[in-house]
Amino acid sequence: MVLEVTITDEMNRTLYEKNKVYMPQSTDSLNNAMVYGPTHKLGIIRDTSIQPFAAKTETFEASMPEGIGKVRVNVELSYQPRPGDVYPIHHKTVELHLGKEGKP
Amino acid sequence: MAFWRVLPKKKWSAGVCCLVFLSLVLFMNTPSGSASDNEAQSLKELITKYDTSRCKECHEEIHAQWEKSHHARSIMDILMDGYFTKGVLSVKSPKEATRKNFPCFKCHFPQIEHASDQVASEIAEAILNKDQETMKKLNINCLVCHRDMGIVHGFPEADALYGATDVEEHPDDDYGKVHRSPVMTESVMCGQCHGLGPVFDFEYPVQCATLYGSYLHAYIPAGGAKTCQECHMEKADHTCPPNFKDRKDVSKRLAEALPMDVDAMFYRPQITPGKFVPTVVVDTRIISRAGHRIPDG
């Protein structure tokens with residue numbers, strides 16, 4: 001499961017991008033290197049997957065350059081069992097007007 | 001000196017009687033159809049033994065559903081890629097392969113339990129030759145779930161099938177009756193293969209499915225009460241979704257299982273006095289309604 005957050009400006013330039021990967025991770029229990037495939041895996045050593053009834057919450061803070069009028073925030077959640085093999089799940093977009101530089 | 005020479009005659013006779021009795025008990029408790037008493041000697045024989053075209057004659061709709069399921073292609077797409085060419089299970093020639101080379105078959109093709117090493121060698125040949133026509137015939141079919149795995153308390157009867165209800169007269173030459181198996185509608189039925197994690201039965205242990213472990217140790221403790229079948233075999237649907245070939249449906253099911261909220265705001269925080277930093281804050285919240293971790297397998 002991959003959660004991707006991208007923020008672009010009105011010219012579609014990327015101002016910010018970050019992702020979070022949710023998955024159980026295993027080694028072969030012979031060393032500390034993560035492995036793929038059931039014939040190699042033997043023991044989960046870290047698990048960031050989404051658990052039943054447990055909310056997965058994230059906060060992304062992105063510093064923006066001055067002078068940007070409007071940004072588009074894209075949030076995508078997808079299932080990616082292998083690189084390039086993407087099952088889209090959610091795609092949400094929020095537009096924000098940043099306005100002029102504020103004075104206290 | 002042999003032990004029987006030092007024993008009194010009465011004790012020696014009693015010992016022989018005990019041995020005969022124990023042998024009889026062991027013989028009677030041997031599961032019917034186990035690998036030792038009726039092993040298929042060729043792949044063709046094994047495939048014929050597990051042929052389910054007989055089931056299709058009466059259960060056409062269910063059979064058609066099953067044909068679309070991952071159970072119907074439990075080997076395809078999984079073992080065809082490099083399985084025997086690298087790693088601890090690799091072989092130089094198919095003739096070297098024995099049943100020990102197929103730990104994955106414990107669940108992906110459990111019929112191997114009723115086959116000789118010759119059959120394992122033939123399967124290895126099919127894999128190495130990328131013989132898809134043969135590999136398509138190896139699957140988890142009606143007889144696996146409704147006979148071999150149909151009960152978990154004891155061993156299946158040789159001439160019986162197992163289902164959600166009793167059928168006293170089942171019109172089939174080999175399987176003339178269907179017994180109600182209480183586990184058929186319980187999660188433990190699926191848990192036999194969609195498993196608990198590492199399997200240490202083999203010389204080289206493998207980490208099989210962890211799904212049932214997650215169901216038992218995360219979903220149930222969190223208050224979950226549904227069975228696997230309620231979500232994955234709704235109305236006895238034998239396609240057992242998700243079908244990962246049906247990409248739209250997989251996306252739809254995941255969206256239903258994982259609702260996501262997004263909030264975003266813009267402000268100018270002043271963490272360092274006098275320095276305002278234009279900042280976008282994005283909050284995401286995903287809740288899982290699934291009965292196991294996602295992703296899992």
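How many bridges pair strand β3 (residues 24–27) of chain A with β4(A), and in which sense? Two bridges join β3(A) and β4(A), in the antiparallel sense. Here a strand is a DSSP run of E with at least two residues, a helix is a run of H or I with at least four, and both are numbered from the N terminus. Two strands count as paired if DSSP finds at least two bridges between them.

This is a predicted model, in which local features need pLDDT of at least 70 and side-chain atom pairs count only at pLDDT 80 or more, while totals for chains, interfaces and linings use all residues. Residues are numbered from 1 along each chain as its sequence is written, and chains are lettered from A and ligands numbered from 1 in the order in which they are written.

We begin with chain A. Strands β4, β3 and β5 of chain A form an open sheet in that order, with antiparallel pairing. Its edge strands, each pairing on one side only, are β4 (34–35) and β5 (44–47) of chain A. Within the pairing of β3(A) and β4(A), Thr27(A) has Met34(A) as its bridge partner.

Other strands of chain A pair as well. Strand β1 (residues 2–9) of chain A runs antiparallel to strand β2 (residues 14–21) of chain A, and seven bridges join them. Thr6(A) is bridged to Glu17(A) in β2(A). Four residues lie between the strands of this hairpin, where Asn12(A) takes a positive phi near 65°. β1(A) is also joined to strand β7 (residues 70–82) of chain A, by eight bridges and again antiparallel. In that pairing, Val5(A) stands opposite Val75(A).

Pairing also crosses from one chain to the other. Strand β6 (residues 56–63) of chain A and β6(B) are antiparallel and share eight bridges. Ser63(A) stands opposite Thr279(B), and Glu58(A) stands opposite Thr284(B). β6(B) also pairs with β5(B), in the antiparallel sense over eight bridges. Opposite Thr284(B) in that pairing stands Val262(B).

The side chains along β6(B) alternate.

The contact between the chains takes 43 residues from chain A and 45 residues from chain B. Two residues are in contact if their C-beta atoms, placed from the backbone, lie within 7 Å. On the side of chain B that touches chain A, the elements giving two or more residues are β4 (206–207), α11 (211–219), α13 (247–257), β5 (260–267) and β6 (279–286) of chain B. β6(B) gives the most, eight residues. This side of chain B has 28 nonpolar, 11 polar and six charged residues; Ala, Val, Leu, Ile, Met, Phe, Trp, Tyr, Cys and Pro count as nonpolar, Asp, Glu, Lys and Arg as charged, and the others, Gly among them, as polar.

Chain B as a whole has 13 helices and six strands. Of its 297 residues, 29% count as buried. Among the contacts in chain B with a separation of 6 or more, 54% are between residues 24 or more positions apart.

The largest nonpolar core has 41 residues, and Val119(B), Ala120(B) and Ile123(B) have the most contacts inside it. Such a core is a set of buried Ala, Val, Leu, Ile, Met, Phe, Trp, Tyr and Cys residues joined through C-beta atoms within 7 Å. Elements giving two or more residues to this core are α3 (43–49), α7, α9 (142–148), α10 (187–191) and α11 of chain B. The largest share, six residues, comes from α7(B). Leaving aside residues up to four places away in sequence, Val119(B) touches Ala40(B), Ser42(B), Leu43(B) and Leu46(B). A second, separate core of 15 residues includes Tyr22(A), Tyr79(A), Ala257(B) and Ile294(B).

Ile112(B) lies in the loop between α6 (105–108) and α7 (117–128) of chain B. Ile112(B) counts as buried because it has 21 C-beta neighbours inside 10 Å. Not counting residues up to four places away in sequence, Ile112(B) touches Arg99(B), Phe102(B), Phe105(B) and Ala120(B).

Definitions and conventions. Buried ≥ 20, exposed ≤ 12 C-beta atoms within 10 Å, placed from the backbone.
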